[in-house]
Structure formats: structure tokens, C-alpha cells
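Visitor: I would like a quick tour of this model. Please start with the ground rules, then take my questions.

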Amino acid sequence: MESTYPELTRITRANAVLAVAALILTYLLITRIFLFRRLSHIPGPKLASWTALYLVRHQLSGRVARHVVSLSKRYGPICRIAPNWVIISSPSEVRRVWQARGPWYRGRWYEIFRFDQPIETVMSLRKNTDHAALRSKLVPGYSGKDVENIHSVIDARVADFVSLIERKYLSSKDGGFKPMDLAIKSQFFTLDVISDLAIGTCFNCLQEDSDTYGQISSITGSLPLILAMAIVPTSLLLLQNPIARALLPKDKVEGLMRQQALAQKNAARRFGESKEVRRDMMGSFVAHGLSWENVWLETFGQIGAGTDTTATAIRMTMFFLMSSPGAYNRLQTEIDTGIQEGRISSPVTDEESRKLVYLQAVIKEGLRMWPPVQGLNPKICDTEQVVCGKRIPAGTNVCWDALSVMQDKEVFGDDAEVFRPERWLDEAGVDPDRKKVMEQVQGLVFGTPSRWECLGKQIALFELNKVFVEVSSCSTV
Ligand code: HEM
């Protein structure tokens with residue numbers, strides 16, 4: 001039925017729309033002011049107190065880790081980086097927040113590690129008890145207890161690495177100068193190792209001298225966006241929505257999709273009537289009761305967690321060595337002498353490598369100078385806490401400033417920003433108590449001794465222990 005007073009109806013509707021808009025605006029304003037006030041006693045950039053877009057912008061730039069160092073220098077050991085986020089750079093406070101039996105647990109940032117799947121993985125599980133339960137089923141596989149091929153796989157892939165260099169990248173007077181992108185070749189090496197160990201199919205990047213599965217280009221292209229989405233966890237809903245997923249740029253995710261399909265196929269072979277039983281990582285996960293979905297998701301996540309991290313350790317340590325001739329020569333001499341004296345076999349074993357004191361110092365120092373994991377990795381607590389002397393309300397994301405922690409002058413000395421492996425040697429004469437603190441802080445590189453300590457730590461160290469020795473023994477022309 002038509003209204004007798006159409007004008008009046010229009011005005012009433014317009015008023016109703018205005019009222020609703022005003023209500024929404026007032027709500028948004030009040031929540032903003034509330035969010036602003038609860039951490040207003042923490043110093044930090046003004047914009048960061050009002051909107052997470054400040055942090056998102058820096059995360060998208062790919063240089064957030066460097067940026068937070070400048071914030072820590074300017075604002076001190078605790079700094080606000082978003083309305084509900086703070087970052088800390090005090091090594092002892094990071095250790096306290098990360099302590100194994102503490103009340104802290106993972107913030108929603110970790111949900112991004114579920115990507116588009118409804119099923120949790122060890123990297124995405126936030127509740128401490130659930131995480132510990134899943135983790136205990138994975139430990140035997142990661143520690144090598146159930147797995148017989150870890151060293152043979154790493155040895156074979158190191159041999160591929162050396163062979164690639166000798167085949168294509170040795171400069172000579174006759175052959176000319178043959179530059180090699182060490183950053184990418186290091187990642188070929190770690191990707192070949194982890195694909196072989198985790199999925200049971202080596203990607204053969206080193207043999208082909210290419211990113212065979214497009215995994216590296218996929219991750220490089222999408223990681224800044226993924227990490228920016230992690231800051232606003234509701235954006236994860238987009239990834240889980242099939243329509244939004246269809247809109248994702250195909251070239252950015254193609255490599256990940258191929259890798260996912262392979263992980264699913266290989267995991268499927270371990271189930272059913274004619275299942276394949278093997279003493280490898282997948283075999284260990286199956287033996288400890290993981291379902292098909294859990295198995296392929298864990299192995300898929302393993303490639304993400306274990307490739308760029310170890311490759312960063314290799315490329316950055318090589319970079320520091322190349323720019324420190326004293327350290328480079330000392331390491332080369334240690335390796336050459338070890339080979340001459342028969343203390344280093346071909347290929348070097350992990351046990352032999354652990355006895356090379358200078359090599360161990362180089363590895364430790366390389367990881368300290370440029371920790372491969374420099375993500376925000378926020379932890380939260382359900383009760384109010386005091387961190388770096390400031391009141392932290394329940395539910396606040398507390399992140400770590402990895403670079404500032406690892407280059408803390410009180411812990412590592414005035415030359416903390418310099419690559420100096422000697423600081424780890426007995427000859428440095430460091431007081432044993434101070435050395436213990438140095439070791440404890442450096443341990444945070446792998447999340448030691450938190451409940452989230454890197455599961456792949458041993459595998460990463462096996463790789464590092466072998467790769468420098470073998471690559472340094474490449475034939476020279
Ligand atoms: C130098 C190399 C590596 C470094 C520095 C490193 C560092 C870390 C750190 C700091 C964490 C804890 C993150 C958090 O706070 O939640 C972590 C977790 C993890 N890492 Fe690594 N990682 C490395 C290599 C690897 C490798 C090779 C693998 C796989 C073979 C791996 C698998 C994992 C997994 C599965 C987790 C999750 C552990 C859990 O939630 O309990 N990582 N890593």
C-alpha cells in the first residue's frame with residue numbers, strides 16, 4: 001500500500017540510515033580510544049598507537065626487522081608497534097616470556113600457518129596443551145630417532161651442491177669469470193634436503209640448477225603478503241574462502257599448489273591396505289598416529305620452516321666470512337689441516353665437524369649476527385603481566401626484536417655488531433658466567449629453551465656442519 005506521506009517516509013528512512021551510521025562510527029571511535037588508552041603508557045610511534053596499518057605497511061616492505069631495530073634504539077627495550085602489539089629487545093625479558101613453563105602462549109598471528117586449511121599444524125596450534133600433544137608425536141621423526149636416512153640424504157645433497165659448483169661455476173683463466181648467486185644456490189641445497197627428507201621426493205634443484213617446483217618463487221612472491229595478513233588474522237578468512245582463493249594470482253601460488261599435491265600423493269601411499277612402510281620422517285609421523293591430513297600438512301609446513309631458514313644461515317655466514325678475511329683464512333686453515341691430518345673424512349661426518357672448534361664458532365656467530373627467523377612471533381597471556389618494567393594488559397601481543405636481542409652490547413660486548421667468531425673460543429678468556437649468558441641468548445635463534453623450540457634444529461645443524469666443510473673443499477682451477 002502506498003504511503004500517504006511519501007516525503008515523510010523518505011525522511012524517516014534517511015534518518016534511520018544516519019542514526020545507524022552514527023552508532024557504528026561512535027562504536028568504532030570508542031573502541032579505538034579504548035585500544036589506544038590501554039597501552040598509552042608504552043612509548044612508540046604515534047600512528048602505531050591508533051592503527052595496525054602502520055605495522056602492516058612495514059611488514060609489506062619486507063624490512064620490518066630492520067625497522068624495529070631503529071624503534072628499539074629510539075624508544076628503549078619495549079615499544080608499541082600497533083594498537084595491541086608491543087616489541088621487546090631485552091634478551092632476559094624475551095627469555096622470560098618464552099620460558100618453557102610460563103603462562104604465555106602463541107598470539108593469533110600464528111593462525112596464518114594454517115593457510116587455507118581448517119586443520120591445525122604444529123606451527124599454527126596456539127593452545128599450549130594441544131601444541132605439546134602434537135609436538136610429542138613429531139619429535140621422534142625430527143630428532144632422527146625413528147629415521148635412518150637423515151645423514152645419507154644430507155651427504156647426497158651436499159655432493160650435488162659441490163658438483164654444481166664444480167660443473168658450472170668455477171672461474172678460470174681459460175673459462176673466464178663465472179659468477180654464482182650463492183643466495184639462491186644455498187636455497188636449492190636446503191630445499192633438496194628438506195623435500196627429500198619430508199616428502200620423500202627430492203626436488204633436484206641442484207641437479208637441474210633451477211627452482212624445479214617453483215617453490216622458491218612462490219614463497220618469495222607471497223611471503224610479505226602472508227606475513228602482513230598475519231597481523232590482521234581475520235584476513236585469514238579470505239584465504240579460506242574459495243571465491244577469494246580463486247582470485248589469488250596463480251603465478252604466485254602455483255609452486256605451493258604443486259608441492260601440496262605431491263605431499264598429499266606421497267602421504268596417501270603410507271595409508272590403506274597396501275601401504276608403504278618406511279623408516280623416514282613420514283613413516284615416523286604415521287607410526288605415531290597422525291592422520292593422512294596431518295601427515296601431508298606437517299610435511300608441507302616443514303618445507304616452509306626448514307628451507308629459507310637454513311639457506312639464510314648459509315648465505316649470511318658465507319657473506320660474513322667473505323667480508324672478514326681473517327675469519328675466512330682461519331676457517332680454511334682449520335679445514336685444510338683437518339683433512340691433511342685425517343680428522344676429516346670425505347664427506348665430513350657430523351661428529352668430526354663438531355670437533356672443529358673454529359667452524360662451530362663461525363656457525364654460532366653467523367646465526368647470531370643474522371638470525372634466520374626474524375618474524376614478530378608474538379606471544380600473549382590471559383592475565384596482566386609486567387614486561388620490561390611496564391604493565392602489559394591481558395591479550396597484548398608481545399613480539400621480539402631478534403636483531404637487537406642478538407646484538408645486545410651488555411651480553412655480547414661493545415663489538416656485538418661485528419662478526420667475530422673468536423668471541424666463542426676459550427682464547428677470548430670470557431668469564432664463564434658471561435659465556436653462559438651469551439650461549440643462552442644465542443640459543444633463542446632456535447627458540448631454545450621455549451616450548452616452541454625449533455623442531456628442525458638438529459637437521460639444520462647437520463646441514464651447516466657439513467656444507468661449509470664440503471663447499472670449502474671444492475676443487476679449484
Ligand atoms: C638455521 C635454521 C633454522 C632456524 C634458525 C630456525 C628457527 C626456528 C625458531 C626460532 C622457531 C620457533 C618459532 C616460534 O617462536 O614459534 C622454529 C620453529 C620450528 N622450526 Fe625451525 N629453524 C630452522 C630450521 C628448521 C628446519 C631445517 C626445520 C625442518 C626440518 C624446521 C622446522 C621447524 C618447526 C616444525 C617449528 C615449529 C616448532 C613448534 O611449533 O613446536 N626449522 N624454528
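Guide: A salt bridge here is a side-chain nitrogen of Lys or Arg within 4 Å of a carboxyl oxygen of Asp or Glu. This is a predicted model, where local features need pLDDT of at least 70 and side-chain atom pairs count only at pLDDT 80 or more, while totals for chains, interfaces and linings use all residues. Residues are numbered from 1 along each chain as its sequence is written, and side-chain values use heavy atoms, with hydrogens and water left out.

Visitor: How many salt bridges are found in the whole structure?
Guide: The search covers the whole structure. The count is 27.

Visitor: Glu120 and Arg114 meet in a salt bridge; which residue counts as buried?
Guide: The N to O distance is 3.8 Å. Buried means under 20% relative accessible area, exposed over 50%, and partly exposed in between (1.4 Å probe, protein chains only). Glu120 is partly exposed because its value is 30%. At 14%, the buried residue is Arg114.

Visitor: Is Arg315 buried or exposed?
Guide: Arg315 forms a salt bridge with Asp308, closest N and O atoms 3.3 Å apart. Asp308 has 30% relative accessibility, so Asp308 is partly exposed. Arg315 has 18%, so Arg315 counts as buried.

Visitor: Glu439 forms a salt bridge with Lys364; how many residues apart in sequence are the parts that the pair ties together?
Guide: The closest N and O atoms are 3.0 Å apart. Glu439 lies in helix H22 and Lys364 in helix H19 (residues 357-369), so the tied parts are separated in sequence by 75 residues.

Visitor: Which protein atom is the donor to the iron atom of the ligand?
Guide: Donors are N, O and S atoms within 2.8 Å of the metal (3.2 Å for Na, K and Ca); water is not among the atoms, so sites may look incomplete. Helices (H or I, at least four residues) and strands (E, at least two) are DSSP runs, numbered from the N terminus. The loop between helix H22 (432-443) and helix H23 (457-472) holds Cys454. The single protein donor, 2.3 Å away, is Cys454 (SG).

Visitor: What is the relative accessible area of Lys73?
Guide: Lys73 lies in helix H4 (residues 64-75). Lys73 counts as exposed because its relative accessible area is 63%.
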